[in-house]
Amino acid sequence: MKTPEELKVFHDERQKNELTPRICIREGINLIGIHPSSLFPFEFFCFRSPEMTLEMDCFIEYARGRKNLFDIGALHGVFSLVFTEMNEDSKAYAFEPSHNASSILSYNSYGRDVRTFNVALSDGYG
């Protein structure tokens, strides 16, 4: 497993001369055509935050080989995107109540096996 510093170098090398916004989450997991406002926040899962880097590593390990994901509170959809990128024939269902974040989530999900829903989910009525 690479250190956050090694991941930053790897990420920076991949970004050189790129015309289409892309981010390399981990080696072999590249997200292409990402909304520009998602690039900086997604970097926290790549190398900017040790805690969030570890969270992504744990997610990747647990989610590998699975077929369905319910991403509740998806924001811009980094977990849904990583899930469908690394698991062939998988589907993610991403739920985000914020209209602004949901529109970016929809943009990021275009052409991928991610269904987006601009709704809030709860165990209570209201």
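## A quick tour of the predicted model

Phenylalanine 70 sits in strand β3, which covers residues 68-72. Strands (E, at least two residues) and helices (H or I, at least four) are DSSP runs, numbered from the N terminus. What you see is a predicted model, where local features need pLDDT of at least 70, side-chain atom pairs count only at pLDDT 80 or more, and totals for chains, interfaces and linings use all residues. Residues are numbered from 1 along each chain as its sequence is written, and side-chain values use heavy atoms, with hydrogens and water left out.

**The whole protein**
- You'll find 5 helices and 5 strands here, and from the N terminus on they run α-β-β-α-α-β-α-β-α-β.
- The protein has 126 residues, and 42% of them count as buried. Buried means under 20% relative accessible area, exposed means over 50%, and partly exposed is in between (1.4 Å probe, protein chains only).
- Accessible areas come from the Shrake-Rupley method with a 1.4 Å probe, and for residues only the protein chains shown count as cover.

**The hairpin**
- Strands β1 (residues 22-26) and β2 (residues 29-32) pair in the antiparallel sense over 4 bridges; to pair, two strands need at least two bridges found by DSSP.
- Isoleucine 23 stands opposite leucine 31 in β2.
- The hairpin of β1 and β2 has 2 residues between the strands, and glycine 28 takes a positive phi near 90° there.

**A nonpolar patch**
- Back to phenylalanine 70: its relative accessible area is 55%, so this residue is exposed.
- Phe70, Ile72, Val119 and Leu121 make a nonpolar surface patch of about 390 Å². Patch residues have over 30% relative accessible area and no salt bridge, with nonpolar side chains (Val, Leu, Ile, Met, Phe, Trp, Tyr) joined within 5 Å and like charges within 9 Å. A salt bridge is a side-chain nitrogen of Lys or Arg within 4 Å of a carboxyl oxygen of Asp or Glu.

**Two serines**
- Serine 80 lies in helix α4 (residues 78-86), and counts as buried because its relative accessibility is 0%.
- The side chains of serine 80 and aspartate 71 are joined by a polar contact of 2.8 Å. That term means a pair of N or O atoms within 3.5 Å; within protein, one must be able to donate a hydrogen and the other to accept it, and residues adjacent in sequence count only if both atoms are side-chain atoms.
- Serine 122 lies in the segment after β5 (114-117), and counts as exposed because its relative accessibility is 60%.
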